[in-house]
Amino acid sequence: MDIDNYKNNGIGLSKTCFKKLYSILESKENINILEFGSGFSTKFLIDYRLHSNKNIQIDSFDNDINYSYKNTNNYDFINVNVLPLVSCTEDKFNLLFNKEKKYNNSYFSIHKSLPPNHPKYWRQRNTFYNITDQLDNKLYDIVLIDGPNGNGRNIAYLHMLNKLNKNAYIVIDDYNGSDNEFDYNFIGYLKDLFTVKEIYTHTYKSKNGYDEWENGGNFTIYQLQ
């Protein structure tokens with residue numbers, strides 16, 4: 001596979017991250033993949049599945065039909081779920097992670113998104129995909145967390161509870177994300193809910209977004225223990 005086929009302008013995984021993901025895929029046979037944030041990575045996973053002819057199933061989630069992968073070939077091994085965003089208050093967010101440590105649907109309501117030209121559009125708080133029963137009775141070997149933007153990606157962890165197979169891999173893009181002084185703390189929340197070990201971390205300070213493709217971007221990979 002030619003990794004350069006998935007080149008993007010910094011809104012997707014970097015070349016280095018795709019190479020690491022390829023190595024993980026090569027190490028497994030029957031693979032269930034959970035993806036938060038659909039697009040370039042979804043195309044990569046589908047191409048890998050077709051190239052390798054392995055038994056791979058993919059569940060992909062996004063909130064924007066314009067960015068998400070379009071399954072025009074109607075592949076039966078992938079489910080692309082385009083769902084609205086929901087959000088909760090800061091108090092409810094803290095309650096979920098500091099006390100309850102499980103997802104509570106009643107705490108969330110449909111999110112009224114800021115307009116794309118708003119300076120905080122890419123930094124909206126406590127938002128995630130409106131997942132209900134799409135993950136029932138499923139266990140995953142690889143999880144990719146690349147959406148939505150903002151600290152709400154931590155909510156992915158609540159949906160992942162009791163949904164991971166032994167030694168599952170968790171790939172987090174923009175793992176060191178923040179909103180000025182507000183640290184999203186993606187690694188801290190992960191470690192609060194799962195026993196994991198760090199496999200690989202790449203950090204790069206982008207100059208213009210486009211340079212992240214060649215220079216590795218910011219991502220980390222952890223493995224469930």
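How many nonpolar, polar and charged residues are in the lining of the largest cavity? Counted by class, two residues are nonpolar, seven are polar and two are charged. Here Ala, Val, Leu, Ile, Met, Phe, Trp, Tyr, Cys and Pro count as nonpolar, Asp, Glu, Lys and Arg as charged, and the others, Gly among them, as polar.

A word on the model comes next. This is a predicted model, in which local features need pLDDT of at least 70 and side-chain atom pairs count only at pLDDT 80 or more, while totals for chains, interfaces and linings use all residues. Residues are numbered from 1 along each chain as its sequence is written, and side-chain values use heavy atoms, with hydrogens and water left out.

Back to the empty space. Rolling a probe the size of a water molecule over the atoms shows where such space is left. On a 1 Å grid over the protein atoms alone, a cavity is a set of points where a 1.4 Å probe fits but cannot get out, a pocket is an open set with protein on both sides within 12 Å along at least five of seven lines, and lining residues have an atom within 4 Å of a point. Grid points are joined across faces, edges and corners, and a volume is the space filled by probe spheres set on the points. Searching the whole structure turns up one cavity of 30 Å³ or more. The largest cavity has a volume of about 50 Å³, and its lining includes Asn8, Asp173, Glu212 and Trp213.

The largest pocket holds about 1000 Å³ of space. It is lined by 38 residues, and the closest to its centre are Ile11, Trp122, Asp146, Asn149 and Arg153. By class, this lining has 13 nonpolar, 17 polar and eight charged residues. At least two lining residues come from each of α2 (40-52) and β6 (127-129); helices (H or I, at least four residues) and strands (E, at least two) are DSSP runs, numbered from the N terminus. The largest share, three residues, belongs to α2.

Strand β6 also turns up in an open sheet of three strands, ordered β5-β4-β6 with antiparallel pairing. Two strands pair if DSSP finds at least two bridges between them. The edge strands, β5 (109-110) and β6, each pair on one side only. Strand β4 (residues 85-87) is joined to β5 by two bridges, and Val86 sits opposite Ile110 in β5.

As for cysteines, the whole structure has zero disulfides, a disulfide being a pair of cysteine sulfur atoms within 2.5 Å. Cys17 is buried at 1% relative accessible area, and Cys88 counts as buried at 9%. Buried means under 20% relative accessible area, exposed over 50%, and partly exposed in between (1.4 Å probe, protein chains only).
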